[in-house]
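Please open the model in a viewer and keep the selection tool at hand. The stops below can be taken in order.

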Amino acid sequence: PVDEAHVDINYFGAMPDASMEFDGGYWTSMYTSFPYECYQPDGVEAYVVNGTYDDNGRNLVVIERLESGIVPAATPVLLKCKGLRPKENRLIPLLPDDPRLETAAQGVENNLLTGEYGLWTGYTSSPEKYTGRKTYDEATMRVFGVNAAGELGFYKLAAAADGSARELVPNRAYLDMSRLPASAQGVRSFNIIDGDNTNLSGVDILEDRNDASMPEEY
(Lines give C-alpha, C1' and ligand atoms only; values in the text may rest on other atoms or scores of the structure.)
Protein backbone atom coordinates (compact mmCIF):
# COMPACT_ATOMS: atom_id res chain seq x y z
CA PRO A 1 0.00 0.00 0.00
CA VAL A 2 1.05 3.57 -0.72
CA ASP A 3 -0.14 5.26 2.44
CA GLU A 4 1.25 7.06 5.46
CA ALA A 5 1.73 3.85 7.41
CA HIS A 6 4.09 2.49 4.74
CA VAL A 7 5.61 5.77 3.54
CA ASP A 8 9.20 4.64 4.22
CA ILE A 9 8.76 1.56 2.02
CA ASN A 10 6.32 2.56 -0.74
CA TYR A 11 5.96 6.16 -1.75
CA PHE A 12 4.75 8.54 -4.42
CA GLY A 13 6.68 11.81 -4.62
CA ALA A 14 7.59 14.88 -6.63
CA MET A 15 10.87 15.18 -8.53
CA PRO A 16 11.73 18.82 -9.31
CA ASP A 17 14.65 19.91 -11.45
CA ALA A 18 17.66 21.57 -9.80
CA SER A 19 17.26 24.58 -12.09
CA MET A 20 13.80 25.29 -10.63
CA GLU A 21 15.12 26.83 -7.40
CA PHE A 22 13.24 29.78 -5.93
CA ASP A 23 12.41 31.17 -2.48
CA GLY A 24 14.29 28.50 -0.56
CA GLY A 25 12.99 25.45 -2.41
CA TYR A 26 12.84 23.49 -5.65
CA TRP A 27 9.64 23.78 -7.68
CA THR A 28 7.67 21.62 -10.06
CA SER A 29 4.03 21.24 -11.06
CA MET A 30 1.71 18.29 -10.54
CA TYR A 31 -1.61 17.13 -11.98
CA THR A 32 -3.17 13.82 -10.97
CA SER A 33 -6.60 12.26 -11.30
CA PHE A 34 -6.57 11.28 -7.62
CA PRO A 35 -6.41 13.41 -4.44
CA TYR A 36 -3.35 13.46 -2.22
CA GLU A 37 -1.85 15.12 0.83
CA CYS A 38 1.61 16.66 1.10
CA TYR A 39 3.51 14.57 3.63
CA GLN A 40 4.13 17.03 6.44
CA PRO A 41 7.54 15.73 7.65
CA ASP A 42 8.99 16.32 4.16
CA GLY A 43 7.78 19.93 4.08
CA VAL A 44 6.25 19.84 0.57
CA GLU A 45 3.92 22.79 -0.07
CA ALA A 46 1.19 23.00 -2.73
CA TYR A 47 0.16 26.25 -4.41
CA VAL A 48 -2.54 27.37 -6.83
CA VAL A 49 -2.45 30.46 -9.07
CA ASN A 50 -5.30 32.76 -8.12
CA GLY A 51 -4.56 36.05 -9.85
CA THR A 52 -2.17 38.31 -11.70
CA TYR A 53 -0.33 41.44 -10.65
CA ASP A 54 1.39 44.35 -12.37
CA ASP A 55 4.75 45.22 -10.85
CA ASN A 56 5.97 48.26 -12.78
CA GLY A 57 5.79 46.51 -16.11
CA ARG A 58 6.59 42.96 -14.96
CA ASN A 59 3.79 40.48 -15.42
CA LEU A 60 3.37 38.41 -12.27
CA VAL A 61 1.04 35.64 -11.23
CA VAL A 62 -0.01 35.51 -7.58
CA ILE A 63 0.22 32.08 -5.99
CA GLU A 64 -1.54 30.95 -2.82
CA ARG A 65 -0.47 28.08 -0.59
CA LEU A 66 -3.01 25.39 0.25
CA GLU A 67 -2.87 25.59 4.04
CA SER A 68 -4.19 22.08 4.58
CA GLY A 69 -1.64 20.54 2.24
CA ILE A 70 -4.47 18.56 0.64
CA VAL A 71 -4.83 18.61 -3.15
CA PRO A 72 -8.24 17.50 -4.49
CA ALA A 73 -8.46 15.18 -7.49
CA ALA A 74 -7.78 16.75 -10.90
CA THR A 75 -6.37 19.92 -9.32
CA PRO A 76 -3.24 21.28 -11.04
CA VAL A 77 -0.80 22.79 -8.54
CA LEU A 78 2.73 24.05 -8.12
CA LEU A 79 4.80 22.14 -5.56
CA LYS A 80 7.60 23.66 -3.51
CA CYS A 81 9.98 20.95 -2.34
CA LYS A 82 12.99 20.85 -0.03
CA GLY A 83 14.82 18.17 -2.00
CA LEU A 84 15.25 16.84 -5.52
CA ARG A 85 14.41 13.15 -5.00
CA PRO A 86 10.87 11.73 -4.81
CA LYS A 87 11.65 10.13 -1.44
CA GLU A 88 12.38 13.61 -0.08
CA ASN A 89 9.09 15.02 -1.41
CA ARG A 90 6.50 12.41 -0.57
CA LEU A 91 2.78 12.80 -1.29
CA ILE A 92 0.16 10.58 0.32
CA PRO A 93 -2.69 9.46 -2.01
CA LEU A 94 -6.12 9.84 -0.41
CA LEU A 95 -9.32 7.88 -0.83
CA PRO A 96 -12.08 9.77 -2.67
CA ASP A 97 -14.37 9.64 0.37
CA ASP A 98 -11.87 11.38 2.67
CA PRO A 99 -14.03 13.93 4.57
CA ARG A 100 -11.32 16.61 4.34
CA LEU A 101 -11.61 16.84 0.56
CA GLU A 102 -14.84 18.83 0.62
CA THR A 103 -13.19 21.65 2.55
CA ALA A 104 -10.01 21.42 0.46
CA ALA A 105 -12.01 21.86 -2.76
CA GLN A 106 -13.22 25.25 -1.54
CA GLY A 107 -9.72 26.65 -1.75
CA VAL A 108 -9.09 25.89 -5.42
CA GLU A 109 -12.17 27.28 -7.22
CA ASN A 110 -10.32 30.21 -8.78
CA ASN A 111 -7.19 28.33 -9.82
CA LEU A 112 -5.84 29.62 -13.15
CA LEU A 113 -3.80 26.48 -13.81
CA THR A 114 -4.84 23.70 -16.14
CA GLY A 115 -3.47 20.17 -16.08
CA GLU A 116 -2.58 17.58 -18.68
CA TYR A 117 -2.35 13.84 -18.04
CA GLY A 118 -0.49 13.34 -21.31
CA LEU A 119 -1.54 9.75 -21.97
CA TRP A 120 -0.61 8.27 -25.34
CA THR A 121 -3.70 7.87 -27.53
CA GLY A 122 -2.24 6.43 -30.72
CA TYR A 123 0.26 3.81 -31.93
CA THR A 124 1.80 2.85 -35.25
CA SER A 125 3.92 -0.26 -35.78
CA SER A 126 5.92 0.85 -38.81
CA PRO A 127 7.72 2.90 -37.77
CA GLU A 128 6.98 2.06 -34.14
CA LYS A 129 5.75 5.24 -32.54
CA TYR A 130 3.37 6.30 -29.80
CA THR A 131 1.46 9.49 -30.50
CA GLY A 132 -1.39 11.58 -29.23
CA ARG A 133 -0.16 13.73 -26.37
CA LYS A 134 -1.48 17.26 -26.32
CA THR A 135 0.86 19.71 -28.01
CA TYR A 136 1.75 23.20 -26.83
CA ASP A 137 -0.62 25.94 -27.99
CA GLU A 138 0.87 29.44 -27.79
CA ALA A 139 -2.55 31.10 -27.68
CA THR A 140 -3.76 29.31 -24.56
CA MET A 141 -0.71 28.01 -22.67
CA ARG A 142 2.34 29.21 -20.78
CA VAL A 143 4.49 26.45 -19.29
CA PHE A 144 6.15 26.44 -15.86
CA GLY A 145 9.91 26.77 -16.10
CA VAL A 146 12.88 29.11 -15.88
CA ASN A 147 14.12 31.65 -18.40
CA ALA A 148 17.72 32.36 -19.42
CA ALA A 149 18.16 34.54 -16.33
CA GLY A 150 17.07 31.69 -14.06
CA GLU A 151 13.77 33.36 -13.16
CA LEU A 152 10.94 31.01 -12.26
CA GLY A 153 7.69 31.65 -14.10
CA PHE A 154 5.36 30.76 -16.95
CA TYR A 155 6.75 31.12 -20.45
CA LYS A 156 6.23 30.33 -24.09
CA LEU A 157 7.58 26.90 -24.98
CA ALA A 158 10.28 26.78 -27.65
CA ALA A 159 9.47 24.72 -30.74
CA ALA A 160 11.20 21.43 -31.50
CA ALA A 161 14.25 21.35 -33.78
CA ASP A 162 12.05 20.77 -36.83
CA GLY A 163 9.84 23.73 -35.95
CA SER A 164 6.89 21.67 -34.73
CA ALA A 165 5.07 22.29 -31.46
CA ARG A 166 6.36 20.24 -28.53
CA GLU A 167 4.21 17.74 -26.70
CA LEU A 168 3.39 18.59 -23.11
CA VAL A 169 5.09 16.75 -20.26
CA PRO A 170 2.65 14.31 -18.59
CA ASN A 171 1.07 15.12 -15.22
CA ARG A 172 2.25 18.72 -15.28
CA ALA A 173 0.32 21.98 -15.02
CA TYR A 174 0.39 25.09 -17.20
CA LEU A 175 -1.09 28.58 -17.01
CA ASP A 176 -4.42 28.68 -18.81
CA MET A 177 -4.34 31.93 -20.80
CA SER A 178 -7.99 31.56 -21.77
CA ARG A 179 -8.96 32.27 -18.16
CA LEU A 180 -7.07 35.57 -18.03
CA PRO A 181 -8.47 38.97 -19.10
CA ALA A 182 -8.58 39.66 -22.83
CA SER A 183 -5.77 42.22 -22.43
CA ALA A 184 -3.43 39.43 -21.31
CA GLN A 185 -3.99 36.96 -24.13
CA GLY A 186 -0.76 37.87 -25.95
CA VAL A 187 1.48 38.24 -22.91
CA ARG A 188 4.65 36.26 -23.41
CA SER A 189 5.82 35.56 -19.86
CA PHE A 190 4.86 35.73 -16.21
CA ASN A 191 7.01 35.51 -13.11
CA ILE A 192 5.53 34.45 -9.78
CA ILE A 193 4.92 36.13 -6.43
CA ASP A 194 3.68 34.53 -3.23
CA GLY A 195 0.35 36.09 -2.28
CA ASP A 196 0.70 34.71 1.26
CA ASN A 197 3.40 37.28 1.96
CA THR A 198 1.72 40.34 0.43
CA ASN A 199 -1.45 42.36 0.55
CA LEU A 200 -1.96 42.12 -3.19
CA SER A 201 -5.50 42.04 -4.51
CA GLY A 202 -5.20 43.58 -7.99
CA VAL A 203 -5.66 41.65 -11.21
CA ASP A 204 -4.20 44.17 -13.66
CA ILE A 205 -1.73 43.10 -16.33
CA LEU A 206 0.53 45.44 -18.31
CA GLU A 207 1.84 44.84 -21.80
CA ASP A 208 4.63 42.30 -21.83
CA ARG A 209 8.23 43.51 -22.02
CA ASN A 210 9.11 40.61 -24.35
CA ASP A 211 12.46 40.12 -22.67
CA ALA A 212 12.08 36.60 -21.36
CA SER A 213 13.70 33.74 -23.18
CA MET A 214 11.63 30.70 -24.11
CA PRO A 215 12.54 27.60 -22.09
CA GLU A 216 12.97 24.19 -23.56
CA GLU A 217 10.73 21.37 -22.44
CA TYR A 218 12.19 19.64 -19.39
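The tour goes from the whole chain to its cores, then to ring pairs, charged pairs and a surface patch.

This is a predicted model, in which local features need pLDDT of at least 70, side-chain atom pairs count only at pLDDT 80 or more, and totals for chains, interfaces and linings use all residues. Residues are numbered from 1 along each chain as its sequence is written, and side-chain values use heavy atoms, with hydrogens and water left out.

**Whole chain**

Colour by secondary structure: the chain has one helix and 16 strands (DSSP runs, H or I of at least four residues for helices and E of at least two for strands, numbered from the N terminus). Of its 218 residues, 44% are buried; buried means under 20% relative accessible area, exposed over 50% and partly exposed in between, with a 1.4 Å probe and protein chains only. Among contacts (heavy atoms within 4.5 Å) between residues at least 6 apart in sequence, 74% join residues at least 24 apart.

**Cores**

Select Val49, Leu78, Phe154, Leu175 and Phe190, which touch the most other members of the largest nonpolar core, a set of 20 residues. Such a core consists of buried Ala, Val, Leu, Ile, Met, Phe, Trp, Tyr and Cys residues joined through side-chain atoms within 4.5 Å. Strands that each supply at least two residues of this core include S5 (45-55), S6 (58-65) and S16 (189-194). A second, separate core has 14 residues, among them Met30, Cys38, Val71 and Leu91.

Now centre on Leu175. Leaving aside neighbours within four places in sequence, its contacts include Val49, Leu112, Phe154, Leu180 and Phe190. Move to Leu180, in the loop between S15 and S16; Leu180 counts as buried, at 7% relative accessibility.

**Ring pairs**

Select Phe12, Phe34 and Tyr36, a cluster linked by ring pairs. Rings of Phe, Tyr and Trp (its six-membered ring) pair if their centres lie within 6.5 Å, and planes under 30 degrees apart count as stacked, over 60 as edge-to-face and the rest as tilted. The structure holds nine aromatic pairs. Phe12 and Phe34 are edge-to-face, 5.5 Å centre to centre with 65° between the planes. Phe12 is in strand S1 (residues 12-13) and Phe34 in the loop between S3 and S4, 22 residues apart. Phe34 is partly exposed at 31% relative accessibility. Phe34 and Tyr36 also pair edge-to-face, at 6.4 Å and 65°, and Tyr36 is buried, with a relative accessible area of 0%.

**Charged pairs**

Which residues are linked with Arg90 in a network of salt bridges? Select Asp8 and Asp42, which join Arg90 in that network. A salt bridge is a side-chain nitrogen of Lys or Arg within 4 Å of a carboxyl oxygen of Asp or Glu; the whole structure has nine. The N to O distance is 2.9 Å for Asp8 and Arg90. Asp8 lies in the segment before S1 and Arg90 in strand S9 (residues 90-93), so this pair ties together parts 82 residues apart in sequence. For Asp42 and Arg90 the distance is 2.8 Å. Asp42 and Arg90 are both buried, whereas Asp8 is exposed at 56%.

**Surface patch**

Finish with Trp120, Tyr123 and Tyr130, which make a nonpolar surface patch of about 360 Å². Patch residues have over 30% relative accessible area and no salt bridge, with like charges joined within 9 Å and nonpolar side chains (Val, Leu, Ile, Met, Phe, Trp, Tyr) within 5 Å. Accessible areas come from the Shrake-Rupley method with a 1.4 Å probe, and for residues only the protein chains shown count as cover. Tyr130 is in strand S12 (residues 128-131) and is partly exposed at 48%.
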